[in-house]
Amino acid sequence: MKVVGLTGGIGSGKTTVAGFFKELNIPIYIADEAGKRLMNTSSEIRQEIIALFGEEAYQDTLPDRKFIASKVFNDKDLLSKLNKIIHPAVEKDFKTWLKDQSSEYVIYEAAILFETGGYKKCDFSILVTAPQKLRIDRLQKRDNSSVEEIKERMNNQWNDVKKSQMADFLINNKELAQTKLQVEHIHHQILKAGKNS
Ligand code: ATP
């Protein structure tokens, strides 16, 4: 079964695009949600995070996400250490999930795919893009975030030019109807590639 990585900068529309693949009966695995779930449920992860950030990182059994985010925000080394705890656990969880799927391919949605090298484990990669202004407008509406906050988060991610050179497929997510057509086109290309391989 093929694994198709789906990524894009914050507010580009990854989850919206994933929804269109779901309508085509393609199973979706959302890595960021899995990471959050595993932080809540895995005692091994809890121990490793406490070893890295101290007892304050968990309140009872649940992670203090604000505290952890504030620690890693301007500390790339600490962020990379946190990722080294979460990513292998997500990978293991994904492999278990994959065994239960039966379709030509699955979508693996992750906010960072090229940055982590995760795209190398995918058969194809899709990058969702949208003009920065549109992304900011959408995130302001969805999360009530400030423009400064959104821009700061955007600056922590690779830019679209760099990522688009590495992606197999690009989706320009402006009008929803156009986005859906692009998803359908890519879906057929992936199915075709599966038949030819
Ligand atoms: P994040 O990086 O925060 O996980 P994301 O890349 O998954 O975000 P979405 O959650 O899919 O992005 O989209 C962000 C917001 O923009 C959502 O409220 C969504 O409904 C809206 N949105 C996405 N695409 C479009 C579009 N083409 N037209 C209008 N609104 C859109």
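This is a predicted model: local features need pLDDT of at least 70, side-chain atom pairs count only at pLDDT 80 or more; totals for chains, interfaces and linings use all residues.
Local features require pLDDT of at least 70, side-chain atom pairs count only at pLDDT 80 or more, and totals for chains, interfaces and linings use all residues. Residues are numbered from 1 along each chain as its sequence is written, and side-chain values use heavy atoms, with hydrogens and water left out.

The ligand is surrounded by 13 residues (a heavy atom within 4 Å). Lys-14, Thr-16, Arg-142, Asn-173 and Lys-174 are the closest. By class, the shell holds 2 nonpolar, 7 polar and 4 charged residues, with Gly counted as polar. Helix H1 (14–23) supplies the largest share, 3 residues. Helix H6 (132–143) also supplies at least two. Helices are DSSP runs (H or I) of at least four residues and strands (E) of at least two, numbered from the N terminus.

A polar backbone atom of Gly-11 lies at 3.2 Å. For a backbone N or O atom of Gly-13 the distance is 3.0 Å. A side-chain N or O atom of Thr-15 lies at 2.9 Å. The protein covers 73% of the 640 Å² of accessible area that the ligand has on its own (Shrake-Rupley, 1.4 Å probe).

Ser-12 lies in the loop between strand E1 (2–8) and H1. Ser-12 counts as buried because its relative accessibility is 1% (buried means under 20%, with a 1.4 Å probe and protein chains only). A polar atom of the Ser-12 side chain is 2.7 Å from the backbone oxygen of Gly-9. Gly-13 is in that loop too. At 13% relative accessibility, Gly-13 is also buried.

How values were computed:
A polar contact is a pair of N or O atoms within 3.5 Å; within protein, one must be able to donate a hydrogen and the other to accept it, and residues adjacent in sequence count only if both atoms are side-chain atoms. Buried means under 20% relative accessible area, exposed over 50%, partly exposed in between (1.4 Å probe, protein chains only).
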